[in-house]
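Please read the report below alongside the sequence and the structure. It takes the chains one at a time and ends with a contact between two of them.

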Amino acid sequence: MSPQENPPVTPDTAGGQPPTRRAAQEAAREEERRLEAAAETGGGQVPPPAVPASPAALAPAGPGDEQPLMQRIMTGNALVAVLAVVLSLILGGLLIAVTDEDVARSASYFFSRPMDTIGAAWSAASGAYAALFQGSVFNAGGDSFARMIYPLTQTLTVATPLICAGLGVALAFRAGLFNIGAQGQILIGATLAGWVGFTANLPFGLHLLLVILAGMLGGAIWGGLVGVLKARTGAHEVILTIMLNYIAINLVLYLLSTPGFQRPGSTNPISPQLEATALYPPLLGSGFRLHWGFVVAVLATVFVWWLLNRSTVGFELRAVGANATAARTAGVSVSRGYILAMAIAGALAGLAGVAQVAGTEKVLTSGVAASFGFDAITVALLGRSSPWGTFAAGLLFGAFRAGGVTMQASTGTSIDIVLVVQSLIVLFIAAPPLVRSLFRLPTPGAIPSAGARRNRKTAATGGAA
Amino acid sequence: MSTVTTAAPDRSAAPAGAVRSWKTPILLSVLAVVALLVFGAGAPRNNVTFRLSDPNDAIVLPDLVLPAAATGWLTAVVLAALAVLAVLAVRRGSAVPVWLVAVFAVLFLIGFLTWVVGSANNPNVALYGLLAGSVTLAVPLIFGSLSGVLSERSGVVNIAIEGQLLFGAFAAAVAASVSGSAIVGLFAAALAGVIVSFLLAVFSIRYIVNQVIVGVVLNVLVSGLTGFLFSSVLSKDAETWNSPPRLPVLSIPVLSEIPILGPILFEQTIVGYLMYIAVAVIYVALFRSRWGLRTRAVGEHPKAADTLGVNVNRMRFMNVLLAGVVAGVGGSFFTLVSVSGFGRDMTAGQGYIALAALIFGRWNPIGAFFAALLFGFATNLSNVLSLLGTPVPDQFLRMLPYVVTVFAVAGLVGRSRAPGASGIPYVKG
Amino acid sequence: MKLELKGITKRFGSLVANDHIDLVVEPGQVHSLLGENGAGKSTLMNVLYGLYQPTEGTILVNDKPVTFSGPGEAMASGIGMVHQHFMLVPVFTVAENVALGNETVGAGGLLNLSETRTRIRQISDQYGFDVDPDAIVEDLPVGVQQRVEIIKALVRDAEVLILDEPTAVLTPKETDELLGIMGQLKADGKSIVFISHKLREVKAVSDVITVIRRGKVVGTAEPGASTTELASLMVGRSVSLTLQKAPAAPGEVTFSVRDLTVRAANGQNVVDGLSFDIAQGEILAIAGVQGNGQTELTEAIMGLQEHVSGSITLDGEELLGRSVRDVIKEGVGFVPEDRSVEGLVGTFSVAENLILNRYDEAPFARGLTMRPAVIEKNAQEKIAEYDVRTQSASAAAGTLSGGNQQKVVMAREFSRPLKLFIASQPTRGVDVGSIEFLHKRIVAERDGGTPVMIVSTELDEVLELADRIAVLYRGRLMGIVPADTSRDVLGLMMAGMHADEALAQATELQGGDQ
């Protein structure tokens, strides 16, 4: 509605106005227009904090056209991200401490010896986190170097499906779609991949390749179905993906009860072992569970980076996500964009399924996807929908998950704390003003983020023109 | 958003009025063909018995015995006729009337029920139990979708229904166990729902974080938090923390003896009665009260409301909190009515189904009520049928509610219009 | 009621939108606020209405200083506002819209709309509004919606009525009716602040005219002041009201539209059986009040509309039924009416927006891979050529001013060989300097031999650019007339009279004053 606000005027021809003055006027008007647009349409699309549409995606990452480094760190998102993680860990630690039995015991005589309580709380939280670290990065107590770095390889193993599925969620985000359906896409991908894996009898290499392709196909079908329904009927993808998750799990359970999938002689919903030729080979030897699926995840990240930032397809998807109307007017098919984005997102989630069925689990069960599909959403959000951000977030959450297992085993702290910390991180990162105010950080001035500009007390530093 | 210009062409939310939409007639035709092939041609050659009342009831109705084949053919033919009517209606350029879709749905349901029960090993089902069970299963869904109505009508998308239900269930279990009073649990549940709502409101209204993202993340947070507390506190001393007393069933004398309807309407726990009250109160309040007028205004055109002195964001904040009360109470159903005690992730995605019911019910409390009932029915049917031993695999029956939802959002409700400003934060100029 | 603004200053950051503005509105007076787009009129009124807080200065009502923390308080002080974009909830009834924020509540907290209905009927009768309180607002014509807005203010006992560009969406006839209503309101002792940039209307209705330029009051004038006097006061220098352009040299007709009909979602024909031709080297301007099918016409040509019938040919090729992409590749340049929504992706960089519909063509892409260096170079060239004021080519397009955004769109469309150029509202919300630049570019494209179609709701722009003028009313063509047709005739056509009829009536009235 904004443009109608200022219909053209009768007289024309320029000149007379000092340029700075005019710039200021225009900027003021622009500000009004923008504020109004934000109010009326939410600025068009998804708000910036968690799903950045395209922050100057074509700008090369080279130095010079950005703010100075220190300023960027102080006001930028990197610091907020770090602080969000710290804050979430602190809150998680408090939760661990509060529910700890030693703490509860010492709290009963808190007023006579308060240090006991504080000490117990500290040891509960720090013990849990130390175990978490030990289980995810480095185990100093290991008797060989291999044992010491074993946790790190575990982290990478767990991170593999998280990264793949996270990329799928992130890619859909960039096309303006909220893909809650990675879980179902992983399941269907894993099912198809697993089926090829335990039925086909093929030489090594070819078999694995087919398994990978089958997994991607399965995910792509499950994701693409959402794209088709959304494009054809306008149904909301959030509902569709959630429902397809449930349908997928029931479908897999059904298949696992049929002779084609069920392990011969078993009454449980479990498939035969995948053929050895169908499996990802171990990456660091048989002493570790880390497999070549991790390399595939790295390649997938590179691919998604290329796709989004360097390819015409990515340009289309980003345009559809950032402003579907403008994309349509420019000749981009929005329907095609939706279908393509969901199919590729599904294929990436399918890769996660392959990593599980042909890498970690080596067998198809209904639990093959664990909760990776849902964790992938937080991974993509934390990674701000950028490929490498998602990769990093996948590693972080992989570490949480891998370490969480050790933590639960050694200190008895429930692995659910990981979910709490993860979701807190995402919440804090999505609301930079909250983190900044908690840590008394300066508010970024000229950064054209909606949140910052809305703060009317903020002095915009100079030319918005 | 301008009311002035003609609508932009690709605004998908725009009401599809007289432009012919073939979606509904095509769907109805496909279903009619399915009915002819399955309910008619594929009908089992036996009688189907529907028991209408419990033998111990005061008034005992005789069993309803239907020949499966005849019933199947009859419904299938009528369904086909309705589909033809729908095609003709669209041909004429008018929309398919709502009554037609409703009658079609009911008949299809009867046909399906006759076929599926008739095909079972034991073609005999307690209809009264099926219906009463459906309502029971629908209770949390109805609370959940009412929570969605309150929130989305004011312009805030509420994906966090799942989290509100789960936290409500958790808080009800803990508070009722510790206090020994189920009523205390009920209040605690409402409070827990409000806490989740508060976070939703703060992040989506104050910090303008995408509402869908906040909702999804809050669900994860509640799942993690309750799961953590469950394993580190509740399960270690279940006696103290997780053995809530159940809410008693309060039968209303005489009325609860009415066959079929009696148990549904007049033999409920306090949560069940609250559900009926909430549907009625929210419906009336939304469309007949000052609060409702303002709520709908801030959800449709917040700026218009603002220029008339309505505080948009305060209105939204209050509505989201109220939504938390409703969903929280709904959550107490899981631990105070359904089973006695909290279990990890026990809401099992019901909040998302409630969201679908909300959309299916077109953001209307009554519509959401019936949509939730439909989902409750589908779930209960799959439970009952798996006991009867039907030819349909169990997993497909379990899929039923979700498949119905997909059809619902993709097919029949394509025309439903969300509140104009739902999901869009209001930033004052 | 007397209303006074003293030294009102409103800053957005370092930008001054209003600079020490003084204004006195006497009771029973129509006080016009004249200024071009972006002069700060709307900001000032939003301050007055409590939507913005002034940075400095005071508002006095009946000589007593007041502060408004929100519109509610402004209304309580007797100030009512009719926004340019109506603040009506489209799915509500008239009564619900009027009651909102000012509800009568009966027993049990339930809404009592009957009193509101009575008041609406009463006001409706008093001013001859003919408004049904139970009609759904989105079903009402624009003119009636505006009356609902006025009723909203009157129900709240407004003594001062602010009308923000109220005539922008009205036909000339509806405009006359509105001016009549304003006279009636004035006679009832209400004060009116009339915001406009249309000199004729301002002169017709005002008691006092205050001219605002670049956020400052630059003078006051009597309604008797001449049009050119007012115009130069508004723009800040003497203005020549016409663009220097050579007469058209129409060539071969390459673009033809036949029996074009577009059906809207509600089943009405929003474009109804249009037929016209555009020759090479000719500008056809489509005039009409907003919402009479212009948007749908341009979108139908571009392939953006469904339910289109008829025929659209360019160089003998049928465009109807082709995809948007095909139409663009066929050589049709298109500047959509709402650049921030349809023309640009606000979060994309200027460089990306400059290739928004050519991203997959050489030299910007090779196969599936895009070539950032080429895209950057292209951006630098276009930024220089079109004098786009931007920090860099990688700045987000959404951060540019309206005029600069429009330059980006134009630069993109003109950077490829065109067989047809279509621009909708090419200078809406654009500053004066850019308007001239953009107009010259359009004329240059015409002179290069491209058929050009301009859609504008501004009669002045139409008269300035057109070689021929087609007038649309309710999706139908009222006729195609020469560029020197008088405003009266065009006005009658815009109100739904066919060209010959309009000509006859205009000459009958008195030969048309120019």
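Chain C has 514 residues, and a compact globule of that length would have a radius of gyration near 24 Å; the value for chain C is 25 Å, so the two agree. The model is a predicted one. Along the principal axes, the C-alpha atoms of chain C fill a box of roughly 70 × 55 × 50 Å. The secondary structure of chain C consists of 18 helices and 22 strands.

Chain A is described here by its domains. The domain assignment gives domain 1 of chain A as 77-135 + 413-441 and domain 2 of chain A as 161-398. The centres of domain 1 and domain 2 of chain A, taken over C-alpha atoms, are separated by 33 Å. Six residues from domain 1 of chain A and four residues from domain 2 of chain A take part in the contact. On the side of domain 1 of chain A that touches domain 2 of chain A, four residues are nonpolar, two are polar and none is charged.

In chain B, a pair of helices can be looked at in detail. Two packed helices are described by the angle between their axes and the distance between the axes. Helix H11 (residues 290-300) of chain B and helix H13 (residues 312-338) of chain B have axes that come within 10 Å and cross at roughly 110 degrees. Angles of 65 to 115 degrees count as roughly perpendicular, and therefore H11(B) is roughly perpendicular to H13(B). The crossing of H11(B) and H13(B) is left-handed.

Which residues of H11(B) and H13(B) make the contact? H11(B) supplies Arg294(B), Thr295(B) and Val298(B), while H13(B) supplies Val312(B), Met315(B), Arg316(B) and Asn319(B). By class, the residues of the contact of H11(B) with H13(B) are three nonpolar, two polar and two charged.

The last topic is the contact between chain C and chain B. Here 42 residues of chain C are in contact with 31 residues of chain B.

H2(C) gives the largest share of the side of chain C that touches chain B, three residues. That side of chain C has 22 nonpolar, 15 polar and five charged residues.

Technical notes: Residues numbered from 1 in each chain as written. Chains lettered and ligands numbered in written order. Predicted model: local features only at pLDDT ≥ 70, side-chain atom pairs only at ≥ 80, totals over all residues. Contact = placed C-beta atoms within 7 Å. Helix = DSSP H or I, 4+ residues; strand = E, 2+ residues; numbered from the N terminus. Nonpolar A, V, L, I, M, F, W, Y, C, P; charged D, E, K, R; others polar. Axes fitted to C-alpha atoms, helices over the stretch in contact; angles between N-to-C directions. Parallel < 35°, antiparallel > 145°, perpendicular 65-115°, else oblique. Left-handed = near helix turned anticlockwise from the far one by under 90°. Domains from an automatic or database assignment. Rg over C-alpha atoms; globule rule 2.2 N^0.38 Å.
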